[in-house]
Amino acid sequence: MGSKIYSPTPQFSCQLPKTKSRHISSFSSLQLKPRISIISSQQQPQSAAGAVTETTIPRTGTYNVDFKTFEASKLGISRYPDFVYNAKGGSGTGTGKRIESSDEIAVDFDLEKLYIPPLTSATAKFLGLPLPPFLKIDVVPELLRGYVNQETGKVNLEFKAKFWFSVGTIYRAPPLLVETLLTSEETKGRIREGRGERLNEEGRCKLVGVATVEPIDDLFMNTFLSLPTECLAKMNARISFSST
């Protein structure tokens, strides 16, 4: 079972960046560019005369990366209306490494620490109504990595996950494999499309992705969802960085 990605390949900037030193107080945030704030994880000592020491985040280095998801997200499949999805509580941590002579930061999230809330009657609505009791869709991530552009706020993250549909202990379908590129840009498939939003100064963004979902070994699910078909994900998220 495979899938296709409908989204552009991340672009790399080859322009040599310029760094500027800044005077900061203890534990203050360092904003390298208007879009992304890099926070120093170490307190900066002051001299005996009270002057604040000068600190510069290096243009090449590694960072801690924090990922969170929020309300007003959406998930849709086939030609059905979208699920309104409250993804608050989703989180993950990973590492980031600046691409030398570029505004790109390569990020890779730890799967053992990556959590995306399931779709249940408490977190999802369909046509304005909560999902039926006992219906649950678990999301099990298998990959989340990509690039964040410090200068423009553009985000492209490869995302791969298994979606497990179940009804209590009575029924559990084989997983649907979803593989897509979550992007802050526009993405289009044959029947699904969406537009994201780039990182703002607080690290908030909207990521969208379209993927093809192939048939599984379950006649009911294949018929009910009209597999193969497309699915769409819209995630309200925040991505923040801190120096290691």
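Predicted model: local features only at pLDDT ≥ 70, side-chain atom pairs only at ≥ 80, totals over all residues.
Over the ring of which residue does the charged end of arginine 204 sit? The ring is that of phenylalanine 70, and the charged end of arginine 204 lies 4.0 Å from its centre.

The chain contains 1 helix and 19 strands.

| Property of the chain | Value |
|---|---|
| Residues counted as buried | 44% of 244 residues |
| Share of contacts (separation of 6 or more) from residues 24 or more positions apart | 64% |
| Accessible surface | about 12900 Å² |
| Share of the accessible surface belonging to carbon and sulfur atoms | 53% |

One aromatic cluster is formed by Tyr80, Tyr171, Phe220 and Phe224.

The largest cavity comprises about 340 Å³ of space. Its lining is made up of 26 residues, and those nearest its centre are Leu75, Phe163, Val178, Leu232 and Ala233.

At least two lining residues of the largest cavity come from each of strand 6 (73–77), strand 7 (83–85), strand 12 (135–149), strand 13 (155–167), strand 15 (176–183), strand 18 (204–213) and strand 19 (229–243). Arginine 204, whose charged end sits over the ring of phenylalanine 70, falls within the range of strand 18 (204–213).

Methods
Residues numbered from 1 in each chain as written. Heavy atoms only, no water. Helix = DSSP H or I, 4+ residues; strand = E, 2+ residues; numbered from the N terminus. Buried < 20%, exposed > 50% of the residue type's maximum accessible area, 1.4 Å probe, protein only. Contact = heavy atoms within 4.5 Å. Areas by Shrake-Rupley, 256 points an atom, 1.4 Å probe, with all protein chains shown as cover. Phe/Tyr/Trp six-rings, centres within 6.5 Å; stacked < 30°, edge-to-face > 60°. Lys NZ or Arg CZ within 6 Å of the ring centre and 35° of its normal. 1 Å grid on protein atoms, 1.4 Å probe; cavity = no way out; pocket = protein on both sides within 12 Å on 5 of 7 lines; lining within 4 Å. Points joined across faces, edges and corners; volume = space filled by probe spheres on them.
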